[in-house]
Amino acid sequence: MQLIPIEQIDISTIKQFKESFNQTQDIIHGANQLQRSKDINQWLRDVAILKTKDYKQSVQTTHYALINDLGEMVGISDVKHHLTPYLQKEGGHISYSISPAYQGKGYGTLLLKETLKKAHMLELKKVLLTCKETNIASKKVIENNQGIYQYTIVVNQSKVEHYLIHLDNNNYIM
């Protein structure tokens, strides 16, 4: 398994990943509206702009793909370099999704672990992660990566749990 910048991934691989969610009607998180995109090339251009934008104009974000040994895209993640007030409530620094065919097999934990390494390289000292209270799988992924529960708030009638991960204290991140 390798975590690779999304711009290095073949368009057909991204399309297959997207289609796996369309077939199951699952939502792709951490993908800057990939699910709604009609044109993967345009989506990649938009993602490239997000990677370079000054955070005062928009949220500077870097996207990654988790690729297995067969070249299949198992998951996608993103790291927001800075948080807006909205992201402090819902979203946090990192978002991620695992293809439905690979869910429940530990890939989410691996994807977040590798994405945390990227966040550390961006010199983030701690990251905020959020998930809906009902998202048991995401809670396990966060907790498996030393996420520390902080509090729960209500956003749009959903309970959203907040977790912190201190990157400077996690030896596996360094």
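Helix H1 (residues 11–24) packs against helix H2 (residues 40–52) at an angle of about 100°, and their axes lie 10 Å apart. H1 is therefore roughly perpendicular to H2 (a class that covers 65 to 115 degrees). Axes are lines fitted to C-alpha atoms, for helices over the stretch in contact, and angles run from 0 to 180 degrees between N-to-C directions. Helices (H or I, at least four residues) and strands (E, at least two) are DSSP runs, numbered from the N terminus. H1 contributes Ile-11, Ile-14, Lys-15 and Lys-18 to the contact, and H2 contributes Ile-40, Asn-41, Trp-43 and Leu-44 (contact means heavy atoms within 4.5 Å). Five of these residues are nonpolar, one is polar and two are charged.

The model is predicted: local features need pLDDT of at least 70, side-chain atom pairs count only at pLDDT 80 or more, and totals for chains, interfaces and linings use all residues. Residues are numbered from 1 along each chain as its sequence is written, and side-chain values use heavy atoms, without hydrogens and water.

An open sheet is formed by three strands in the order S5-S7-S6, with antiparallel pairing (strands pair if DSSP finds at least two bridges between them). Strands S5 (126–132) and S6 (148–155) stand at the edges; each has a single partner strand, so one side of each lacks a neighbour in the sheet. Neighbouring strands are turned by 25° against each other on average, direction ignored. S6 and strand S7 (residues 158–166) run antiparallel and are joined by seven bridges. Tyr-149 has Tyr-163 in S7 as its bridge partner. Helix H5 (residues 136–144) lies across S5 and S7 and runs at about 15° to S7.

Technical notes
Angles under 35 degrees count as roughly parallel, over 145 as roughly antiparallel, 65 to 115 as roughly perpendicular and the rest as oblique. Ala, Val, Leu, Ile, Met, Phe, Trp, Tyr, Cys and Pro count as nonpolar, Asp, Glu, Lys and Arg as charged, and the others, Gly among them, as polar.
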